[in-house]
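Try each task yourself before you look at the solution.

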Amino acid sequence: MKQQKVVGHLLSGLTLLLAFLMFFPILWMVLTSFKPEQLALAMPPRIFFVPTLENYRVALFESPYLEFLWNTLIITGLSTLAALLLGVPIAYAMAFFPTKRTESSMLWMMSTRMLPPAGVIVPLYIIFQRLHLLDTHLGMIIVYTGMNLPLVVWMLRSFMLDLPFAIVEAARLDGASLWQELTSVMLPLLIPGLAATALLCVIFTWNEFFLAVNLTTRSASPLSVYISTFKAAQGDLFIAKMSAAATMTVLPVLIAGWAAQRQLVTGLTMGAVK
């Protein structure tokens, strides 16, 4: 028993160490964002310093940060909404009206998530160029909707299959139409699953870089692209100010994850992740 406790403490300590190592770059980014610019790359690194908010002021008001933030909000919000609007009825049909090809269709849909983006970027670029969708909000919304749709269908179908089928049968016996069954019976029960799925879609879209950097130049570029080339109004590259911009970019996702952590845990334990 004593040996098991020792092993448990060692494993806990190792887990904390790994968690710290993974979180350390984010912590260092936040610390750097409060440093004066001359200390950002000081060697040896300065841990103790007088913090300043000048970097945040410059990032917000002396650079086009807000313009790229608006692009990110539009693309992330509309693509997540579109993926949910399309994914809910598809998942409903696959969950309660399955065919002999349903399972193979699900595997095919998820296989598209395993495809490396570099393998499709050239044909995608050519298609978007001919359709005049390069560097447009609509083009990026279409891309991210398609990217997140398999995830939405996979997760929501699992959530629906975990719900008591007796509720669905009772609604059908009461004469509920398919629309009433979906909107009045299923959706209220799926709120934790919808919250978890929407949050994952937001995170994947907000953090995506490869497709955005290849399909946009300026007009529809999200923050993930802008941060990689952050420059102040004078055109110079500043590490501390770039760290401030990156911190503000990470913050909304962290807040959303913290605020929805209960729905996320509840949703994922409903069966979306086996």
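**Exercise 1.** Does D135 count as buried or exposed?

*Solution.* Start with the ground rules. The model is predicted, so local features need pLDDT of at least 70 and side-chain atom pairs count only at pLDDT 80 or more, while totals for chains, interfaces and linings use all residues. Residues are numbered from 1 along each chain as its sequence is written, and side-chain values use heavy atoms, with hydrogens and water left out.

Step 1: recall the cut-offs. Buried means under 20% relative accessible area, exposed means over 50%, and partly exposed is in between (1.4 Å probe, protein chains only).
Step 2: apply them. D135 has 16% relative accessibility, so this residue counts as buried.

**Exercise 2.** Find D135 and H132 in the chain, then look at phi for each of them.

*Solution.* Step 1: place the residues. D135 belongs to the loop between helix 5 and helix 6, and H132 sits in the loop between helix 5 (121–130) and helix 6 (137–162). Helices here are DSSP runs (H or I, at least four residues; strands are E, at least two), numbered from the N terminus.
Step 1: read phi. For H132 the value is near 60 degrees, and for D135 it is near 55 degrees. Each is a positive value in a residue other than glycine.
Step 2: Most residues other than glycine have a negative phi.
Step 3: check accessibility. H132 has a relative accessible area of 68%, so H132 is exposed.

**Exercise 3.** Describe how helix 8 packs with helix 9.

*Solution.* Two packed helices are described by the angle between their axes and the distance between the axes.
Step 1: read them off. Helix 8 (residues 178–189) and helix 9 pack at about 65 degrees, with axes 4 Å apart. Axes are lines fitted to C-alpha atoms, for helices over the stretch in contact, and angles run from 0 to 180 degrees between N-to-C directions.
Step 2: name the arrangement. The two helices, helix 8 and helix 9, are therefore roughly perpendicular to each other (under 35 degrees is roughly parallel, over 145 roughly antiparallel, 65 to 115 roughly perpendicular, and the rest oblique).
Step 3: list the contact, meaning heavy atoms within 4.5 Å. L187, P188 and L189 of helix 8 meet I191, P192 and L194 of helix 9.

**Exercise 4.** Now treat helix 1 and helix 12 in the same way.

*Solution.* Step 1: helix 1 (residues 2–33) and helix 12 (residues 239–259) pack at an angle of about 120 degrees, their axes 7 Å apart.
Step 1: that angle makes helix 1 oblique to helix 12.
Step 2: the contact involves M29, V30, T32 and S33 of helix 1, and residues of helix 12 including I239, A240 and V250.

**Exercise 5.** Where is E208, and which residues does E208 touch?

*Solution.* Step 1: E208 lies in the loop between helix 9 (191–207) and helix 10 (210–215).
Step 1: E208 has 11% relative accessibility and so counts as buried.
Step 2: not counting residues up to four places away in sequence, E208 touches Y144, M147 and S224.
Step 3: a polar atom of the E208 side chain lies 2.7 Å from the backbone nitrogen of L211.

**Exercise 6.** How many helices and strands does the chain have?

*Solution.* The chain has 13 helices and 0 strands. Of its 274 residues, 39% count as buried.

Notes:
Polar contact = N/O pair within 3.5 Å; in protein donor to acceptor, adjacent residues only side chain to side chain.
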